Amino acid sequence: MSLDITCPKCGAEFDLNMARNDDDWRDLVVMIMALPEVVHRPLWQYLSLFRGKHKVRTLKMIRIVKELTPMIKAAEITRNSNTYSVPAVKFARAMTYLVDTRPESLVLPLKGNGYLLGMLANQAEQQLNQAELKKDEQLRNKARDGSEKKPVAASTLISSEVSEQARGEALSILGIKKPAK
């Protein structure tokens, strides 16, 4: 007795019993179900972006999910030697965005997770920049709001989280020698 099912996304028909008995397919389902629930549906939809003229093979889907799994579980990605905090909900939103909007720069079928990871890294970098600007503004406001209106050294306005190189460049622009450590 066969139980034929039609995929709502791609229209492919398959026998549910055959899929259940396929070790690779079962492994894929187990891998996805081990991830936070918020990414289940978006990840299944994201996998459809890898489909070209033919169906996406189960082994390819496993490779894609295996690459994403440690990042989703750790809630961080490393891109260009920088590590960013990316909660599972952000992975889910990014996958949903790619499936729903398909930006013009998105070339289908996808070959790997590079586009998704690049998008997440860019978002995280923008958030870091905004937080840094906000912190700098708070420091400036704090210096201005002081009761005695004392002059503030430029070096105190530069965030301690800014790289040494950027700090050195800022100090040299202001004509201040870099303090010895």
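Helix H3 (residues 40-47) packs against helix H4 at an angle of about 135 degrees. The axes of H3 and H4 lie 11 Å apart. This is a predicted model. Helix H2 also meets H4: their axes come within 10 Å.

**H3 with H4**

- What is the orientation of H3 and H4 to each other? Angles from 65 to 115 degrees count as roughly perpendicular, and those over 145 as roughly antiparallel. The angle here is about 135 degrees, so H3 and H4 are oblique to each other.
- The crossing of H3 and H4 is right-handed.
- H3 brings Leu43, Tyr46 and Leu47 to the contact. H4 answers with Met61, Ile64, Val65 and Leu68.
- By class, the contact of H3 with H4 holds seven nonpolar residues, no polar ones and no charged ones.

**H2 with H4**

- H2 covers residues 23-33, and H4 covers residues 58-74.
- Their axes cross at roughly 25 degrees. Angles under 35 degrees count as roughly parallel, so H2 and H4 are roughly parallel to each other.
- Which hand does the crossing of H2 and H4 have, left or right? The crossing is left-handed.
- From H2, the contact uses Asp24, Trp25, Leu28, Met31 and Ile32.
- From H4, the contact uses Thr58, Leu59, Met61, Ile62, Val65, Lys66 and Thr69.
- The contact of H2 with H4 divides into eight nonpolar, two polar and two charged residues.

**Residues of H4 in both contacts**

- Met61 of H4 touches H3, and Met61 also takes part in the contact with H2.
- Val65 of H4 likewise belongs to the contact with H3 and to the contact with H2.

Terms used:
Residues numbered from 1 in each chain as written. Predicted model: local features only at pLDDT ≥ 70, side-chain atom pairs only at ≥ 80, totals over all residues. Heavy atoms only, no water. Axes fitted to C-alpha atoms, helices over the stretch in contact; angles between N-to-C directions. Helix = DSSP H or I, 4+ residues; strand = E, 2+ residues; numbered from the N terminus. Left-handed = near helix turned anticlockwise from the far one by under 90°. Contact = heavy atoms within 4.5 Å. Nonpolar A, V, L, I, M, F, W, Y, C, P; charged D, E, K, R; others polar.
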